[in-house]
Amino acid sequence: MDIVPMRASTTPTRVPAADAGWSGRARAGLAIFAGVLLVATALSSVAQEQSNKGGTYEPQVGQAGKDVVWVPTPQSLVDKMLEIAKATPKDYLIDLGSGDGRTVITAAKKGLTAHGIEYNPQMVELAQKNAKAAGVSDKATFAKADIFESDFSKAQIITMFLLPWINEKLAPKLLELPPGTRLVSNTFQMGDWQADETATVTEDCTNYCKALLWIVPAKAGGTWQLGEAELKLEQKYQMLSGTLGPTAITDARVLGTDVSFTVGDAKYTGKIEGASMSGTIAGGRNGNWTATKK
Ligand SMILES: C[S@@+](CC[C@H](N)C(=O)[O-])C[C@H]1O[C@@H](n2cnc3c(N)ncnc32)[C@H](O)[C@@H]1O
């Protein structure tokens with residue numbers, strides 16, 4: 001079913017002010033899907049009423065949620081999201097708006113400890129039931145909570161299938177997470193913070209088949225002393241610009257704690273650790289470099 005996850009509202013065409021940056025295409029898509037959503041929501045409430053009479057809770061695609069309706073991520077994309085996040089059993093994953101628990105449960109099956117935050121208590125119960133049936137209740141946990149009032153600072157991986165305006169609203173908080181934290185979104189952008197990587201699944205997926213990955217960048221902006229020269233860096237998300245002494249740097253960016261920039265024909269790569277960074281130079285003058293924040 002083609003349903004864009006959107007604000008569960010009786011007036012689904014309302015576009016919040018924070019969505020002003022949406023492209024015309026996204027707006028057109030939203031408007032088209034809004035009609036479908038109304039029908040789906042009406043049908044789903046009938047179906048839900050019927051299923052709930054039997055005592056077994058069966059969620060309906062397109063059913064209301066606090067800020068986003070429930071639309072499940074196709075399993076093939078769940079797998080791809082974990083793949084591009086390079087998920088390992090050492091990681092702690094949090095899914096924001098965890099629905100029926102599929103992302104959390106898939107992560108737990110891969111050995112991760114994973115947690116879902118979900119506003120709808122019936123979905124929380126269903127996800128817990130699904131985790132039990134999958135034999136991963138010890139590693140897959142769920143809480144009834146609002147993502148806007150939750151702490152997710154302990155996560156190494158955060159997954160989400162929300163909406164552009166929600167991603168954009170969460171971005172300042174996500175940018176304060178430890179450098180290297182991986183953020184993966186099903187389909188939707190995060191304002192003007194460009195993804196570091198994207199991947200699309202073509203098999204077993206008809207809608208919502210694109211994963212976007214952001215890696216929280218270390219703080220690199222400011223003035224650094226690099227040998228005899230001053231390295232001045234301006235940072236916007238993972239992108240850097242600036243100068244080393246009198247020379248402009250190019251191809252400069254931060255990926256987690258990895259930093260790289262080019263000065264003339266010398267390519268600097270290194271790691272940022274708080275107020276110092278160091279690495280190697282290839283090209284013009286091979287060797288090592290270190291810099292200290294001023
Ligand atoms: C599009 S569904 C995605 C479900 C799941 N993450 C997946 O990928 O299959 C969004 C989910 O977010 C939940 N949700 C909406 N607003 C929320 C909020 N403010 N806090 C927590 N959960 C919320 C909805 O109930 C719904 O289950």
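This passage describes the fold of one protein chain, from its overall make-up to single residues.

The model is predicted. The secondary structure of the protein chain comes to 5 helices and 16 strands. The chain has 294 residues, and 37% of them are buried. Among contacts with a separation of 6 or more, 55% join residues 24 or more positions apart.

The largest nonpolar core has 50 residues. Leu93, Val104, Ala107, Ala108 and Leu162 have the most contacts inside this core. Helix 4 gives the most to the core, with 5 residues. A second, separate core has 16 residues, including Leu233, Val254, Ile272 and Ala291. The surroundings of Leu162 were examined too. Beyond its neighbours within four places in sequence, Leu162 is in contact with Val68, Leu96, Gly97, Asn167 and Phe188.

An open sheet of 7 strands has the order 3-2-1-4-5-7-6. The pairing in this sheet is mixed. Strand 3 and strand 6 (197-200) are the edge strands, and each pairs on one side only. Neighbouring strands of the sheet are turned by 20° against each other on average, direction ignored. Strand 4 and strand 5 (residues 182-186) run parallel and are joined by 4 bridges. Thr159 has Val184 in strand 5 as its bridge partner. Helix 3 packs on the sheet and touches strand 1, strand 2, strand 3 and strand 4. The direction of helix 3 makes about 175° with that of strand 2.

Helix 3 spans residues 102-109. Of its 8 residues, 6 are buried, so helix 3 is largely enclosed by the rest of the structure. The buried residues are Thr103, Val104, Ile105, Thr106, Ala107 and Ala108. After helix 3 comes Gly111, whose phi is positive, near 100°.

Helix 2 packs against helix 3 at an angle of about 55°, with their axes 10 Å apart. Angles under 35 degrees count as roughly parallel, and 65 to 115 as roughly perpendicular. Helix 2 and helix 3 are therefore oblique to each other. The crossing of helix 2 past helix 3 is right-handed. On the side of helix 2, the residues at the meeting are Gln75, Val78, Asp79 and Leu82. On the side of helix 3, they are Arg102, Thr103, Thr106 and Ala107. An α-helix has 3.6 residues a turn, so residues three or four places apart point the same way.

Strand 13 (residues 258-263) and strand 14 (residues 266-273) pair in the antiparallel sense over 6 bridges. Val263 has Ala266 in strand 14 as its bridge partner. This hairpin has 2 residues between the strands, and Gly264 takes a positive phi near 60°. Strand 14 also pairs with strand 15 (residues 276-283), in the antiparallel sense, over 8 bridges. Here the bridge partner of Tyr268 is Ile281 in strand 15. The hairpin of strand 14 and strand 15 has 2 residues between the strands. Gly274, in its turn, has a positive phi of about 60°.

Thr187 has a positive phi of about 70°. Thr187 sits in the loop between strand 5 and strand 6. This residue is buried, with 21 other C-beta atoms within 10 Å. Tyr237 has a positive phi of about 55° and is not a glycine either. Tyr237 is found in the loop between strand 9 (229-236) and strand 10 (239-244). With 18 other C-beta atoms within 10 Å, Tyr237 is partly exposed.

Gly222 lies in strand 8 (residues 222-226). With 14 C-beta neighbours inside 10 Å, Gly222 counts as partly exposed. Leaving aside neighbours within four places in sequence, Gly222 is in contact with Leu233 and Lys293. Leu233 belongs to the second core. The C-alpha atoms of Gly222 and Gln235 are separated by 8.2 Å, and these residues are 13 apart along the chain.

Note on methods:
Residues are numbered from 1 along each chain as its sequence is written. This is a predicted model: local features need pLDDT of at least 70, side-chain atom pairs count only at pLDDT 80 or more; totals for chains, interfaces and linings use all residues. A residue is buried if 20 or more other C-beta atoms lie within 10 Å of its own, exposed if 12 or fewer, and partly exposed in between; C-beta atoms are placed from the backbone. Two residues are in contact if their C-beta atoms, placed from the backbone, lie within 7 Å. A nonpolar core is a set of buried Ala, Val, Leu, Ile, Met, Phe, Trp, Tyr and Cys residues joined through C-beta atoms within 7 Å. Two strands pair if DSSP finds at least two bridges between them. Axes are lines fitted to C-alpha atoms, for helices over the stretch in contact, and angles run from 0 to 180 degrees between N-to-C directions. Angles under 35 degrees count as roughly parallel, over 145 as roughly antiparallel, 65 to 115 as roughly perpendicular and the rest as oblique. A crossing is left-handed if the near helix is turned anticlockwise from the far one by less than a right angle, and right-handed if clockwise.
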